[in-house]
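I opened my notebook to look up a protein chain, from its overall build down to one strand. Here is the structure I worked from.

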Amino acid sequence: MRGAARAESQQQGWAVNDTADVVIIGGGIQGLSLAYHLALRGATDVCLLEKDTLGAGSSGRSAAIIGHGFPNEHCLPLVQLSYAAFMRFQEELGFDPGYEPIGCLLMGGTEGAPALRQRHALLKELGVDSQLLDPAAISELTPGLYLDDIEVGLYSASEGCLEPHSIMMAYAHQARRLGARILEGVEVTGLEIKGSRVAGVRTSSGPIATPCVVNAAGFRAQTVAAWAGMDLPITNVKRHIFCTGPVATYTGPIPFTYEVELPWYMRREGPGLLIGMGNAETREEDPKVDWSFLDEVIDHSLYRAPALIDAGIQSGWAGLRPITPDDDPILGPAPHLAGFFNDCGWGGHGIMHAPAGGQILAEWIIDGEATCVDTRHFRAERFRSPRSWKL
Ligand SMILES: Cc1cc2nc3c(=O)[nH]c(=O)nc-3n(C[C@H](O)[C@H](O)[C@H](O)COP(=O)(O)OP(=O)(O)OC[C@H]3O[C@@H](n4cnc5c(N)ncnc54)[C@H](O)[C@@H]3O)c2cc1C
């Protein structure tokens, strides 16, 4: 299906009796980045299927931060690659990714400080801008904090905040312009497998024959992987964000201020603040705000930032972080099923890694291997023996 007929069917929510070279399951930031990177490399017969609307999953609910201090060591090359890609995003895609270098400040007490010191040494080796701060220097950057139990801060002035919706729309627009199909309201309900190869997907709008399927299903990645006989160890953990009205102490700029042990964080959002804190594993797919959790958030916020005493909570939302046991994503081909790829388990770091995820998967699919960074660690085989995966 090409040209005018295709454009019309995209508008109408069409019947999907079709074929594609690649089907991507999931229209979050990772699936969209992949659609763009495939199309950019000339693989334009791509069909991305999103059961809801683009960004309806975790990608539309994040705190939107990119910082080299957050992901694990294995992901550092990915965040470096992504940071560089975001810096040239406007030039490459013609859209503003909304980057604001507000600075990132991670702080830790007895438990968290050693890892922050280690990360600082590593970042210095890699030539990444970062400084170690004592509590006095922390309170110059973010005033109004209680710091008696904080030992050290890891600060980078050049890191900050992105605009995930703009990034997703830019990827979607450019992927479509290059020929990819990006369809909302189409749910993938199963895989077609012939022998030990992927042959297609079943969807709420009909089947699509394809030799290549990518699992970018975010909080549903475990379900999709199970269709391929894989039991991926991903746990969906709920995280809340609450927004306040203006707070007298915080009318000026402050960095993204993140306490590593809990974790708890805050940054400016409009005239007020955005405050985030994690809670528990959940089976919810469309997580709602648990207002009883607000008491816990307020308690800790007033402990860590007593200046918040005059803050009024104005809104809140909750989202899911699909987390693996080592908090690194699961990327790459399934060894037992040709044509099936995972691009999932991004936990709390999928926004900052969007360019890297898309580029890595596009290389694997088009070139048969990913060469932009060392990807060996990210294979699903680090958790399970492929012998346990049965079709
Ligand atoms: C509160 C919060 C704060 C966060 N803060 C940050 C941050 O500051 N920085 C950062 O980098 N990351 C952050 N994250 C993490 C980040 O949001 C995620 O890692 C990222 O959005 C994952 O993107 P994704 O594309 O893999 O998944 P998603 O955005 O969840 O996309 C998956 C999509 O797949 C669709 N789907 C699922 N199953 C099917 C199916 N069968 N058929 C069709 N479609 C399907 C879903 O509807 C969904 O839209 C945060 C997360 C939360 C919850």
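My entries on this chain follow.

**Ground rules.** I am reading a predicted model, where local features need pLDDT of at least 70, side-chain atom pairs count only at pLDDT 80 or more, and totals for chains, interfaces and linings use all residues. Residues are numbered from 1 along each chain as its sequence is written.

**Whole chain.** I looked up the secondary structure and found 10 helices and 20 strands. Helices (H or I, at least four residues) and strands (E, at least two) are DSSP runs, numbered from the N terminus. The radius of gyration is 21 Å, close to the 21 Å from the globule rule for 391 residues, so the chain is as compact as a globular protein of that length. That radius is taken over C-alpha atoms, and the rule is 2.2 Å times the number of residues to the power 0.38. Along its principal axes, the C-alpha trace spans about 60 × 40 × 40 Å.

**Burial.** I found that 48% of the 391 residues are buried. Buried means that 20 or more other C-beta atoms, placed from the backbone, lie within 10 Å of the residue's own.

**Strand β7.** Is this strand enclosed or open? In β7 (residues 152-156), 5 of the 5 residues are buried, so the strand is largely enclosed by the rest of the structure. V152, L154 and S156 cover one side, and G153 and Y155 the other.

**Its partners.** Strands pair if DSSP finds at least two bridges between them. β5 (residues 104-108) pairs with β7 in the antiparallel sense over 5 bridges. There, L105 has Y155 as its bridge partner. β6 (residues 131-133) also pairs with β7 in the antiparallel sense, over 3 bridges. L133 stands opposite G153.

How values were computed
Buried ≥ 20, exposed ≤ 12 C-beta atoms within 10 Å, placed from the backbone.
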